[in-house]
Amino acid sequence: MLILHIFLTSALASAAATAGYLPGIPNDAPFQYNARRQASNGTSRSFNGPYSTRGRDIVDGRGEKVTWAGVNWPMSGETMIPEGLEWASAEDILDYIASVGFNYVRMGYAIEMIDQVYDRDGADVTLEVALINALGYVNGTKVTNEIVKKNAGWTSQTTRFEIWSDLTRIAASKGIFVQPDVHTGKAQWCCSHTDGTAWFDDLHFNASHWRRGLAYVANWAKDHPNVVSMSLRNELRESYNVTNLYYNWDTLVGNMTAGADAIHTANPDLLILWSGMQYGQDLSALTTGRNILTAPCYKCTAIRDAQRREPQYFNLDDHAWADKIVWEIHLYSMSEDIDTGTCDIVKANFYRNGFNALGIDAPPACNITNDCSKAVRETPIIISEFGSAQDVTLFNDTLQNCLREYTVENGVSWMMWAIAGSYRIRSGVQGFPDTWGMTNYNWTGWNYEKGIEEFWKPWVQAMNTTKVM
C-alpha cells in the first residue's frame, strides 16, 4: 500500500518495482491496545485458529475448510459507535444475526477512530464524547443514555474499543466470526469519488496513518479468537479531489503490500482481505499475473514513463503473508465495472474480475465477453458486500438471485449489506432510515420478514457454513 506518489525519483521508482513498496517510509510503531481487559468468557466457543489459505480454500488450524455467510454491521459513521445499540442491546442484535444462520460479521470502521487514540496519547474516546461530537449535546446525551440503558455494564465513560471488545466477546459466545474492515478514512458515509477518502493520500486518507491503524487493530485482535481476519481497505476508487495520485495497479500493489506488512507484523495469525480497483470490483491484474505497469483498469491514469521501466508483476508467493491473503469483491446493481444485465454475463465478468482464482472452469458466457483469462494461482475469494432493497423484489432481482446461485454452486463465502435498518446519522441526516437494512427502523424486528424466512435463511443453509464448537 505504499507507492505514495510518482513524483519520486526514478531510482526510488525502480526500487519500488523490485521490492513492491517504496523504501524510507517511517516506522509506524503503534500504541499497544490498552482498553480494559474483559473478563474471560466461559461460554466462548473454540475457533480453532490460526487460519490460513490452501489453494482456493480458507482453512482453520486443523486444516479443515471454512465457509462463511454473514452480514455487514456499520460502525464507520460519524459517531464511530456500532449502529443500532440505542434500540437493541449488542446481545439482542447478535441474536438476530445468529437466528438467520449467519456466522460472520464484517464491521466497518474509520481510521479516524485510531487517529484520535494517537491524538490523545493512547486514550480512547468515551461513548458520551463520541456521540456528543457527532450528534450535538442534546441528541448525543439522549442516545448515550439510551445505549447505556440497553446494554448492561456500559456507562457513558465506556470507550469505543471496550464496546468493540464486548461485542466481539458476545459474538464469540454465539459462534460468530468478527472481521474489522477499514471502511473509510474519515468517519462518514461511504463511498464516492469526492468524499476525500477514495485513494491513497486523498484528502482524508493519510496512508501512513492508515498503516498504523491497521497495526493497532491487528494488535487488538489478539485478545479475540473469533477475529481471524482483517480487511485492508474498502472500495478503493479514483479521487476527484486530488487528481495527481496515480490511480493505477502499480500504486495499488505498492500500498496494499505495505498494509499487509503492517497487519502481518503486528499479528501474523490473521487472514488479510485484499480488495481491488473500481469500488472493489476488479482484481483481474493480480489474479492473472499481468504487468501492473500497463494492465488495463477502469479510468486508470497511465504511469509516467512506464515504457522505460521493466515489466512489474505482483507475485503473492514472494511475501511472508502469501498463505494469509483472501481476495474480496463487491457487486451492486449500480456497478460501474460489471454488466449486471443477465446472470450469464455476471458470471463471466466475475471470472474475469477475480473469481478465476478459484480454479473453476470459465463460464459459457466468456465466449461472449471474450476476456476470461485463467488465474496464475488459486487463492480464496469472497463477496464481502452486495445488497438491495429488503422487500418483495428480492425474489425477482436478477443480480441477487444470480449471486445466490453462484455462491452456492462454487462455495463462495459472502457478507450482505447490511443489518442496519436505520442510522443515528448518515450524510448529515440524523435518524436516517434504510430500506436496504435487514432490521426495521427501531431494530425491534425484521424489515421484511418473508425475505428472512424464504430468501436469506434458505440461502445460508445451502452454503453449509462452518459451525464452531
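A disulfide here is a pair of cysteine sulfur atoms within 2.5 Å. A search of the whole structure finds 3 disulfides, and one of them, between cysteine 190 and cysteine 191, has a torsion of about 75 degrees about its S-S bond, so this disulfide is right-handed. The model is predicted: local features need pLDDT of at least 70 and side-chain atom pairs count only at pLDDT 80 or more, while totals for chains, interfaces and linings use all residues. Residues are numbered from 1 along each chain as its sequence is written, and side-chain values use heavy atoms, with hydrogens and water left out.

**Disulfides**

- The sulfur atoms of cysteine 190 and cysteine 191 are 1.5 Å apart.
- Cysteine 190 has 10% relative accessibility and so counts as buried; buried means under 20% relative accessible area, exposed over 50%, and partly exposed in between (1.4 Å probe, protein chains only).
- Cysteine 343 is joined to cysteine 402 by a disulfide with an S to S distance of 2.2 Å.
- Cysteine 343 lies in helix α11 and cysteine 402 in helix α13, so the pair ties together parts that are 59 residues apart in sequence. Helices (H or I, at least four residues) and strands (E, at least two) are DSSP runs, numbered from the N terminus.
- The link of cysteine 343 and cysteine 402 is right-handed, with 80 degrees about the S-S bond.
- Cysteine 343 counts as buried at 18% relative accessibility, and cysteine 402 counts as buried at 2%.
- Cysteine 366 and cysteine 372 also form a disulfide, with their sulfur atoms 2.0 Å apart.
- The torsion about the S-S bond of cysteine 366 and cysteine 372 is about -80 degrees, so this disulfide is left-handed.
- Cysteine 366 is buried, its relative accessible area being 8%.

**Helix α11**

- Of the 11 residues of helix α11 (residues 343-353), 10 are buried, so the helix is largely enclosed by the rest of the structure.
- The buried residues of α11 include Cys343, Ile345, Val346, Phe350 and Tyr351.
- Elements covering the buried residues of α11 include α10 (284-287), β9 (325-330), α12 (366-369), β10 (381-385) and α13 (398-410).
- Lysine 347 is placed in helix α11 and counts as buried at 11% relative accessibility.
- Leaving aside neighbours within four places in sequence, lysine 347 is in contact with Pro363, Cys402, Glu405, Tyr406 and Glu409; contact means heavy atoms within 4.5 Å.

**Salt bridges**

- The structure holds 22 salt bridges, each being a side-chain nitrogen of Lys or Arg within 4 Å of a carboxyl oxygen of Asp or Glu.
- Glutamate 328 and arginine 106 meet through their side chains in a salt bridge (3.9 Å, N to O).
- That pair links distant parts of the chain, with glutamate 328 in strand β9 and arginine 106 in strand β5 (residues 104-110), 222 residues apart.
- Glutamate 328 counts as buried at 1% relative accessibility, and arginine 106 counts as buried at 0%.
- A network of salt bridges links Arg106, Asp181, Glu328 and Glu385.
- Arginine 56 forms a salt bridge with aspartate 57, their closest N and O atoms being 3.5 Å apart, and both residues are buried.
- Lysine 142 and glutamate 146 form a salt bridge through their side chains (2.7 Å, N to O).
- Lysine 142 and glutamate 146 are 4 residues apart in helix α5 (residues 137-150), so about one helical turn separates them.
- Lysine 142 counts as partly exposed at 46% relative accessibility, and glutamate 146 counts as partly exposed at 27%.

**Aromatic rings**

- The structure holds 36 aromatic pairs. Rings of Phe, Tyr and Trp (its six-membered ring) pair if their centres lie within 6.5 Å; planes under 30 degrees apart count as stacked, over 60 as edge-to-face and the rest as tilted.
- The rings of phenylalanine 386 and tryptophan 414 have centres 5.8 Å apart and planes at 70 degrees, so the pair is edge-to-face.
- This pair links distant parts of the chain, with phenylalanine 386 in the loop between β10 and α13 and tryptophan 414 in strand β11 (residues 414-416), 28 residues apart.
- Phenylalanine 386 and tryptophan 414 are both buried.
- Ring pairs join Phe102, Phe386, Phe395, Trp414, Tyr448, Phe455, Trp456 and Trp459 into a cluster.
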